[in-house]
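Here are my notes on the strands and on one helix pair. Please read them alongside the model.

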Amino acid sequence: MVKAWSDLDKSLIAEGLISGTSVANPYHNSVGHSTLAPWMGEHTRVGKTLPKTEFRKAMKNAETKHPLKKINEDIILDLLDSKKPQKKELQDACNALGVSAEGTIADLIIRLEELLNFKDIYPKLFWKLQKAGGGVLHFSCMHGVVYYLNFLFWTESARDHADGLLSFKQFPTCYISDVAGQVARHTNNRTRQLYFKQHDGRLCAPTPDNIKLAVNKELQMDMKWVKNLRFPLPLQGSLDGDRMAATHPITGTTERYSLYDRFHQKNQKRPEERLRSLNICPSLRTEINSSVAEQFNRELASVRYSLCQMKEAQFKQTLRVLIDLHNEKINLTFKSEMEALCNTQLSIGLHGMLGLQSAGKEDHKPTVAGTVRSSFQAELYAIDDNDKGKLEDLFSGYRKETQIITHVSRRFPVTIKDIRSFCPPELLA
C-alpha cells in the first residue's frame, strides 16, 4: 500500500515537471489491480501491506469435475433469495457455473453472489448493475470521520468489507453496513469463525424465542460496553498479542457485531437477520449515527462529474485530499465547540481524544505518552449542598441516563451519562 501511494505521488510530481515536453513520465503505471491500493492512516492500519482480495471475484474453478452447462438465471435468484436454501441445489449451481462447490452453505451463497458481476452468467442483473460496477468503498466512525478508503474494479461485495475490517490494527466492536449478514458470514469464513465469534455478529443468540420477540418488536437488550463510548480515557494494553482475542481500547470488550443501518434493517427476509437491527439495543441506537456513509456520499455527489472526468492518478489523489479536508473540518469544528464550552485550550491526545490543559500554558504540546494528561481536577470546583442534591438525583436511576440536559451543538447533546464521565458519583461524598 505504501509503495503504491508513494509511486502515485512521484508520478504526479513528475507529470508537473515534464508537462509540455516530450519526456515520458518514468513513474507512470498502467491501471491495474495493484495500483488501486486501499488507503488507511498510519496509526490505524495493521501494517504497510493491507488485504485486497477483490481479484478473487473473477477467479473460477479451473479443474471442475462437472462439465459446464447452462442454468436458468431465475433458479439461482430463487436460491439466493430463499430463506433456507438446500446445499445440494447450491452445489449443483456452483458446479454448473464452474466455481468451487466445497464449503458451507454460506460459502456457496457468497460465491454465487459474487458472480453477479459477469454479463455471461447473469445477463439480466448485469445490465441493472453495470452502472454501479466499481467505485469507492469507505469506512467512517460514528462522528463521520473517514478511516478507510478502497477503490473497486467490480461491484461492491462482502469480500471488500472484510478486507477493510481485517486492515484495522484494532478491530472495531460494531460494524454497520447494508450487507451485515453477508459481511459476518464471509469474514468468519476467512478467519475460521473467530472475527464475529459471538452469535455470528448478532446482538443475541438466534433462538426461536428471540427471533419471535424481534419480529414482534418486543426484544430489547442493553450492552454494557455502550457506556464506554464516552469514557474519558481509553484502556491501556499491548498490541503485540492476538488481534482476534484483543480487547478494544475504547469499548473494553472482545465482542464484535455486524449490524444493519436504519435504511436496510427492515428489508431482511431471513428471520434470524432481525437480530442485527439497532432497534434491539436502544442505548446503542441513540449513540450511533448509522447514516454517516450516505451523508458523505452526498458530499461526493456534488463533485462526481469532475471526478469521473479525471485520470486514475488525479482521481485517487483528489479523492484522498477531499477526505482529508472532510475529516479536518469535523475535527476542528468539534474541537472549537469544546474549547468554547470549556473556555480553555484543548489538545488532541491518544486515540484522537481531547484533553484539557491549563489556561496559563500557551505552548502546550500534545502528549505522546500512553495517556492524555489533563489539568482538570474535580477539587478545584466547589459543590454546595443544593447542587450536590441535584446531582445525586440525576445520578439515581438508570432509565434517566439518556435524558438530554442541554445541547453543545445540534449534533452533540449532553445527557446524564455525560456528567458521569467527568463528575463521578464517588466525588460527591
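1. Strand E1 (residues 39-40) pairs with E3 in the antiparallel sense, over two bridges. Trp39 has Leu149 as its bridge partner in E3. Strands pair here if DSSP finds at least two bridges between them. Strands (E, at least two residues) and helices (H or I, at least four) are DSSP runs, numbered from the N terminus.

2. A word on the source. This is a predicted model: local features need pLDDT of at least 70, side-chain atom pairs count only at pLDDT 80 or more, and totals for chains, interfaces and linings use all residues. Residues are numbered from 1 along each chain as its sequence is written, and side-chain values use heavy atoms, with hydrogens and water left out.

3. Strand E2 (residues 135-140) also runs antiparallel to E3, joined by six bridges. Val136 is bridged to Phe151 of E3. The hairpin of E2 and E3 has five residues between the strands, and Gly144 there takes a positive phi near 100°.

4. Why is E3 largely enclosed by the rest of the structure? Six of the seven residues of E3 (residues 146-152) are buried, that is, under 20% relative accessible area (1.4 Å probe, protein chains only).

5. Now the helices. H1 (residues 2-17) packs on H12 (residues 312-342) at about 110°, with axes 10 Å apart. H1 is therefore roughly perpendicular to H12, a term for angles of 65 to 115 degrees.

6. Contact means heavy atoms within 4.5 Å. Among the H1 residues that meet H12 are Trp5 and Leu8; the H12 side includes Ala313 and Arg320.

Conventions:
Buried < 20%, exposed > 50% of the residue type's maximum accessible area, 1.4 Å probe, protein only. Axes fitted to C-alpha atoms, helices over the stretch in contact; angles between N-to-C directions. Parallel < 35°, antiparallel > 145°, perpendicular 65-115°, else oblique.
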